[in-house]
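User: I would like to learn how to read a few features of a structure. Please take them one at a time.

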Amino acid sequence: MPMTTRRRFILGSLGATSALVLGWSALPVRQRLSTARPLPVSGSEAALNGWVKIDADSTVTVMLAKSEMGQGVSTSLAMVLADELDADWAKLRTETSPIDKIYNNLATVVDGLPFHPDSTSTLKRVAGWLTAKSMREIGVMMTGGSSSLKDLWLPMREAGASARAMLVAAAAAEWGVPAAEVRVKAGVLSHASGKTAPMGHFAAAAAALPLPAAVTLKTPAQFTLIGHAQSRKDNAAKLDGSARFGIDALPPGLLYASVVMCPELGGGLAGFDAAQALAMPGVKKVIALGTAAGLTAGVAAIAEQPWQAMQAVKAVLPQWSPGPAAAWSSADVFKRLRDELDHEDGFAYYSEGDAAAALKGAARTLKAEYQAPYLAHAAMEPINCTVLLKDGAGTVWASTQVPGIARSAAAHALGIDAERVSVNVGFLGGGFGRRLDVDFIAQAAEIARAMEGRPVQTIWSREQDFTHDFYRPACVSRFEAGLDAQGRLTAWHNVSAGQAIVPKAVSRAFGLPMAGPDKTTSEGAFDQPYEWPAARIAHRIVDLPIPIGFWRSVGHSHQAFFKESFVDEVAQATGQDPLAFRLALLKNHPRHQAVLRRAADKAGWGTPVAPAPDGAKVARGLALHQSFGSIVAEVAEVSVGPDRTIRVHRVVCAVDCGTVVNPDGVRQQLESAVIFGLSAALHGEITLDKGRVQQSNFHQQGAVRMADCPRIEVEILPSAEPPEGLGEPGLPPLAPAVANALARLTGQRLRALPLRMPAA
Amino acid sequence: MSLWGEAPTPTLPTDQTTERPEPRTSPAAPGTEMSTLKINGQTREVHAAPDTPLLWVLRGELQMTGTKFGCGMALCGACTVHLDGQPVRSCVTPLAAVGTQEVTTIEGVRGASIDALRQAWAAINVVQCGYCQSGQLMSACALLDKTPKPTDADIDAAMSGNLCRCGTYPRIREAIHQASTN
């Protein structure tokens with residue numbers, strides 16, 4: 001069956017049982033060892049499988065199939081393989097993997113199935129297993145969804161153990177001793193007879209052996225690296241300016257392009273006058289830009305030097321034609337979402353008992369409406385991509401989270417087959433989901449096609465980056481809680497309304513329509529651990545012509561704020577302690593209880609809080625949230641300044657993320673998510689005026705800076721469960737923890753993001 | 001094979017795609033004059049127009065990519081370099097304003113301050129994506145050069161112009177304190 005059809009089939013059936021018709025033959029883990037083509041090796045390197053190469057000098061090179069965008073995968077994934085290999089950590093490096101289906105991301109697609117985490121149904125297990133199986137064949141390489149360790153935990157351990165067994169077999173053959181007697185420690189093989197040699201000595205012989213049919217993985221007690229904090233492998237390059245990000249590509253003969261796109265999202269280009277631009281120094285060409293992969297139409301100026309291109313594009317006089325977004329301002333969006341909630345029940349992702357009846361029979365009900373705005377990603381490395389079309393072949397240098405999709409996008413724009421395109425991925429200067437889209441790669445390829453024979457680096461200004469993002473969708477959510485005469489919760493009813501990301505993103509990436517429920521719309525609302533006596537949790541998808549995309553923690557980013565705020569409202573309205581109220585709803589969830597208690601204990605919940613340095617009163621707020629498999633509780637200590645500024649002084653963050661690979665990496669990611677979440681909670685807001693984004697640079701879209709960054713304390717709970725996601729789960733509970741603290745401090749409940757104290 | 005369906009319809013007739021007529025205009029046109037820069041202890045000749053921001057001279061003509069583009073408006077600090085030891089945002093510093101001042105970038109910065117900072121940065125695992133870190137280090141280095149034992153308030157004042165979206169601030173603060181005690 002043609003690939004397009006198969007892909008449509010699978011992507012169109014996420015969450016549906018039709019995935020069941022696909023067959024299978026072996027476990028996905030074993031199928032992810034060998035690449036279709038042998039790994040490229042240089043000099044005296046030998047590839048032992050698709051994940052590891054060993055040089056004669058014993059340098060171990062681990063293939064990195066995930067993009068390093070700050071989350072530390074070049075350290076943590078290497079640790080996973082190195083531990084099973086018993087490699088010398090000091091002699092280990094990483095290299096970006098080629099594009100191959102063994103590197104396809106299975107975990108994110110499986111996690112995208114709309115099942116509750118507590119579900120133990122056969123359907124969930126079978127659908128998950130089959131989805132993994134099919135994504136191995138037709139999925140994509142992807143870094144996102146906090147999935148890297150979860151996705152590669154077993155394959156990379158298997159690869160390390162398999163390579164180790166081959167080295168042992170080669171040593172046993174050379175030394176004439178039983179393989180069972182060969183020991184491996186820190187990159188050195190040895191035998192009781194006194195024979196000893198480093199790994200590199202056996203690399204070539206080992207690589208010639210067949211892959212072992214089966215290997216035994218270590219028990220946790222045998223781990224030497226996993227669970228022990230390691231320094232980041234990318235430290236050195238990032239301290240002396242030598243780290244190469246996508247924007248640092250410098251192929252010989254490089255030209256630069258600067259672009260301007262229609263200010264109204266999705267608008268078109270009716271024409272342009274380039275006479276003035278073309279007369280400027282260094283300018284080579286001015287071209288119209290198409291709308292592939294979700295782009296808004298635009299114009300590019302190509303010049304010898306970057307500043308020349310930037311000046312030239314400002315001198316182009318374009319005539320824009322407004323697109324469908326021009327009819328929409330922020331107020332229209334929120335009105336539309338509310339209208340939908342007035343008239344529609346939404347699709348129920350979770351139902352327990354008869355929530356409607358329970359509400360009708362309640363002694364008392366509480367209602368509230370929440371909202372969250374569109375958000376931009378604003379990664380520090382502005383959107384850029386470098387492409388060369390020469391002799392019918394394409395070369396791409398890009399900061400991307402999806403190299404395979406990037407290759408297809410570039411190939412399409414260059415008018416050549418994907419097999420003729422190579423993609424170079426260096427360090428990413430932040431991703432946060434923005435680099436899951438390939439719009440800019442298609443655009444840069446289109447520009448390079450106009451300059452065939454010379455590489456062109458297309459750099460978006462920060463203004464273009466802010467105003468032509470794929471935004472976190474705006475959302476409105478309504479809650480109703482039923483209480484009995486004793487103030488106990490009897491019913492939980494929640495419907496939210498907003499755009500659905502997945503169908504749009506799939507359509508942009510693959511050019512295919514997709515329908516059906518989108519878990520990301522309701523994640524964070526329906527998939528939480530609380531044991532509601534009766535509940536209905538639903539989402540109404542509203543289609544709007546505003547480009548939306550994946551933003552760090554996706555649906556959780558706003559649903560956690562809505563849900564954890566309203567939980568607090570109910571506790572407050574019934575005079576209950578927010579901690580005790582939550583614990584009572586988690587009787588069958590000991591892991592969640594433990595995380596909540598740890599955060600509360602560490603923060604000193606229930607004890608007096610010291611005032612702020614300026615004497616202002618400080619209050620604590622609490623939130624609990626589960627996302628990407630990990631459980632996080634946060635306590636924020638918050639005050640309000642004399643100018644009504646919200647100030648967060650301290651955040652205690654407790655996590656259960658299963659097995660911890662690099663403890664310091666866990667701390668880094670939680671600190672990162674807290675600060676990213678705080679920037680969004682206090683400053684994050686993209687507003688629209690007749691389809692135009694009104695925020696263009698960091699003066700109009702603030703972010704937390706050194707002076708207003710809270711003290712962050714991370715508590716990691718021990719666990720023997722497999723590793724869960726960590727790049728995102730620290731973010732969702734931050735905003736509600738701050739809002740809950742503010743409600744206790746001021747008596748005012750803030751139900752809209754970003755959080756702003758009304759004038760006193 | 002393509003997974004993209006039909007090729008996009010061009011939004012404009014191809015005659016709207018415009019190319020600069022050859023031969024090029026006068027060789028004496030703006031943008032081709034030469035000036036001399038002192039960078040990292042070396043003297044370099046550059047041809048950029050005098051209004052070109054130092055950032056784009058570094059990243060473009062000189063192919064020194066350690067200094068980063070972040071915002072173009074001196075709002076984020078990613079492009080921080082030193083001019084005669086003072087931290088400046090190279091994205092808003094025209095070439096003409098550099099004159100005879102010594103330019104120091106992340107590739108060329110030397111001395112006890114940066115050594116101590118790099119050591120602390122690595123020991124504390126400050127970096128995440130790393131894109132802002134050239135600018136962070138250049139700001140921190142200028143701070144330590146001037147104030148060897150900075151207080152938290154000194155750090156707030158010197159470092160709040162450097163944006164980090166990964167959120168490395170707490171570790172930067174810790175690393176500056178650590179470096180200042182070495």
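User: Which residue in β1(B) is the bridge partner of V286(A)?

Analyst: Two strands pair if DSSP finds at least two bridges between them. Here the partner of V286(A) in β1(B) is T18(B). Strand β10 of chain A, residues 283-289, pairs with β1(B) in the antiparallel sense over two bridges. Helices (H or I, at least four residues) and strands (E, at least two) are DSSP runs, numbered from the N terminus. This is a predicted model, in which local features need pLDDT of at least 70 and side-chain atom pairs count only at pLDDT 80 or more, while totals for chains, interfaces and linings use all residues. Residues are numbered from 1 along each chain as its sequence is written, and chains are lettered from A and ligands numbered from 1 in the order in which they are written.

User: How many residues does each chain bring to the contact?

Analyst: Two residues are in contact if their C-beta atoms, placed from the backbone, lie within 7 Å. Chain A brings 76 residues and chain B brings 64. On the side of chain B that touches chain A, α1(B) gives the most, with four residues. By class, that side of chain B has 32 nonpolar, 23 polar and nine charged residues. Ala, Val, Leu, Ile, Met, Phe, Trp, Tyr, Cys and Pro count as nonpolar, Asp, Glu, Lys and Arg as charged, and the others, Gly among them, as polar.

User: At what angle do the axes of α6 and α7 of chain A cross?

Analyst: Two packed helices are described by the angle between their axes and the distance between the axes. Axes are lines fitted to C-alpha atoms, for helices over the stretch in contact, and angles run from 0 to 180 degrees between N-to-C directions. The axes of α6 (residues 148-175) and α7 (residues 199-207) of chain A cross at roughly 95 degrees and come within 8 Å. α6(A) and α7(A) are therefore roughly perpendicular to each other (under 35 degrees is roughly parallel, over 145 roughly antiparallel, 65 to 115 roughly perpendicular and the rest oblique). The residues of this contact of α6(A) with α7(A) are nine nonpolar, no polar and no charged. Among them, M166(A) and L167(A) belong to α6(A), and F202(A) belongs to α7(A).

User: Is E721(A) buried or exposed?

Analyst: A residue is buried if 20 or more other C-beta atoms lie within 10 Å of its own, exposed if 12 or fewer, and partly exposed in between. E721(A) is exposed because it has 11 other C-beta atoms within 10 Å. E721(A) lies in the loop between β27 and α21 of chain A. Leaving aside neighbours within four places in sequence, E721(A) is in contact with G658(A) and T659(A).
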